[in-house]
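Please read it alongside the sequence and the coordinates.

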Amino acid sequence: QEKLKNDLGVWINPSSPPQVAMVIYDMLKFPVEFKTETGQPSTNDKVLEALAPLHPSITDITDYRELHKLRSTYAIKLPNWTDEFGRVHPNYKYTRVASGRLALSDPNLLGIPVRSERGNVIRAGFVPENGHCYVGVDLSQIEVRVAAHYSQDPNLMQIFLSGQDFHDLTTSFMWKISLEEVKADHKKNGGASKRSSAKNVSFGVLYGISAKGLQAQLKSKCHADWSEEQCQEMIDLWLTTAYPQVKWYMEKQKSLCRQRGYVESMYGRRRYLPGVHSTIPRLREEAHRAAINHPIQASAAEVLKISQRNIWNNV
């Protein structure tokens, strides 16, 4: 905070959205590209991550926020949750998340940052008991595989059955270019390449991402300055050129939800969505997104739980 005061000439609280907005938009004169639901200029983490490379004071604000969260959420609180042996026992929540994914509280061990050095310092504080070890297991692109199962899209199924790189082939399908061209473009442009954009589109589409949402994601993650129109074009390419059967699945889910009032996962987990009949467009669109995403996300969570059980039984 002292450094920010010296650099900017004014004292601010980096945790205060109005004060940060004043710095970004009034003092540093960055254009307002994203707003909150109440119409105020946004200062969320995605916006700050996109702007951080452009000004050192914004980097200082993001650093402060990260340190403040790690300190207040973990460094100070974790000792209060340990037992007499120095172990933590989080509460497992089986019904908190609508999709059926596991959630933890007191402490939320699933929320510890993994992509920053500071977050990994916190993670390093967790060590297994003597005679035990941690096991890291991942399911590769499980949501996309579930989408392939539901949609039966021939291009999607070809990728997973052949074992080829999903993001390379998606880029090739979208822009109708060869795999060699995909790799050359990625080597030349890095985070701003067609492959990086296609990767963000792939995961975003299944969560019902909008062009504006994709634009913000590409700015913060890839530092790529795509226009909203270009982002919409990429979403359309993914759905109409690369994987048209997924578009059919999405429309089918919307129709089923309007008929029944609910959607189901692979193993029968229902989610009721009365918003599909709302006269308010925002609520109706939100329900449609959930109708598309719930079967995919909930089925992925179910496959993960079955995998965890199988791993435990075969250790």
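Contact means heavy atoms within 4.5 Å, and helices (H or I, at least four residues) and strands (E, at least two) are DSSP runs numbered from the N terminus. The model is a predicted one, in which local features need pLDDT of at least 70 and side-chain atom pairs count only at pLDDT 80 or more, while totals for chains, interfaces and linings use all residues. Residues are numbered from 1 along each chain as its sequence is written, and side-chain values use heavy atoms, with hydrogens and water left out.

**Overall make-up**

- The secondary structure of the protein comes to 14 helices and 4 strands, and its C-alpha atoms fill a box of roughly 60 × 55 × 50 Å, taken along the principal axes.
- Of the 315 residues, 38% count as buried, where buried means under 20% relative accessible area, exposed means over 50%, and partly exposed lies in between (1.4 Å probe, protein chains only).
- Among contacts in the protein with a separation of 6 or more, 52% are accounted for by residues 24 or more positions apart.

**Packing of α8 with α12**

- The axes of α8 and helix α12 (residues 228-242) come within 8 Å and cross at roughly 90°; such axes are lines fitted to C-alpha atoms, for helices over the stretch in contact, and the angles run from 0 to 180 degrees between N-to-C directions.
- The two helices, α8 and α12, are therefore roughly perpendicular to each other, on a scale where angles under 35 degrees count as roughly parallel, over 145 as roughly antiparallel, 65 to 115 as roughly perpendicular and the rest as oblique.
- On the α8 side, Thr 170, Phe 173, Met 174 and Trp 175 take part, and they meet Met 234, Leu 237, Trp 238, Thr 241 and Ala 242 in α12.
- The residues of this contact of α8 with α12 divide into 7 nonpolar, 2 polar and no charged, with Ala, Val, Leu, Ile, Met, Phe, Trp, Tyr, Cys and Pro counting as nonpolar, Asp, Glu, Lys and Arg as charged, and the others, Gly among them, as polar.

**Packing of α9 with α10**

- Helix α9 (residues 179-189) and helix α10 (residues 194-205) pack at an angle of about 100°, with their axes 7 Å apart, and that angle makes α9 roughly perpendicular to α10.
- Val 182, Asp 185 and His 186 of α9 make this contact with Lys 194, Arg 195 and Ser 196 of α10, and the residues of the contact divide into 1 nonpolar, 2 polar and 3 charged.

**Helix α7 and its ends**

- In helix α7 (residues 154-162), the residues Leu 156, Ile 159 and Phe 160 are buried; seen down the axis of α7, its buried residues fall within an arc of 85°, so they line one face of the helix, the arc being that of the directions from the helix axis to the C-beta atoms.
- An α-helix has 3.6 residues a turn, so residues three or four places apart point the same way.
- On the other side of α7, Pro 154 and Leu 161 are exposed, whereas what covers the buried residues of α7 includes α6 (142-151), α8 (166-175) and α13 (244-260).
- The N-terminal end of α7 is capped by Asp 153, of which a side-chain oxygen lies 3.0 Å from the backbone nitrogen of Asn 155.

**Backbone features in loops**

- The peptide bond from Asp 106 to Pro 107 is cis, with omega near 0°, and Pro 107 lies in the loop between β2 (103-105) and α5 (117-123).
- Gln 141, in the loop between α5 and α6, has a phi near 50°, a positive value in a residue other than glycine, and with a relative accessible area of 22% Gln 141 is partly exposed.
- Lys 176, in the loop between α8 and α9, likewise has a positive phi in a residue other than glycine, near 55°, and with a relative accessible area of 69% Lys 176 is exposed.

**Two buried positions**

- Thr 43 lies in the loop between α2 (17-27) and α3 (45-51) and, at 6% relative accessibility, counts as buried.
- Not counting residues up to four places away in sequence, Thr 43 touches Pro 17, Val 20, Ala 21, Ile 24, Tyr 25, Leu 48 and Arg 65.
- Ala 50, placed in helix α3, counts as buried at 16% relative accessibility; Ala 50 and Ala 211 are 161 residues apart in sequence and 16 Å apart in space, C-alpha to C-alpha.

Technical notes. A polar contact is a pair of N or O atoms within 3.5 Å; within protein, one must be able to donate a hydrogen and the other to accept it, and residues adjacent in sequence count only if both atoms are side-chain atoms.
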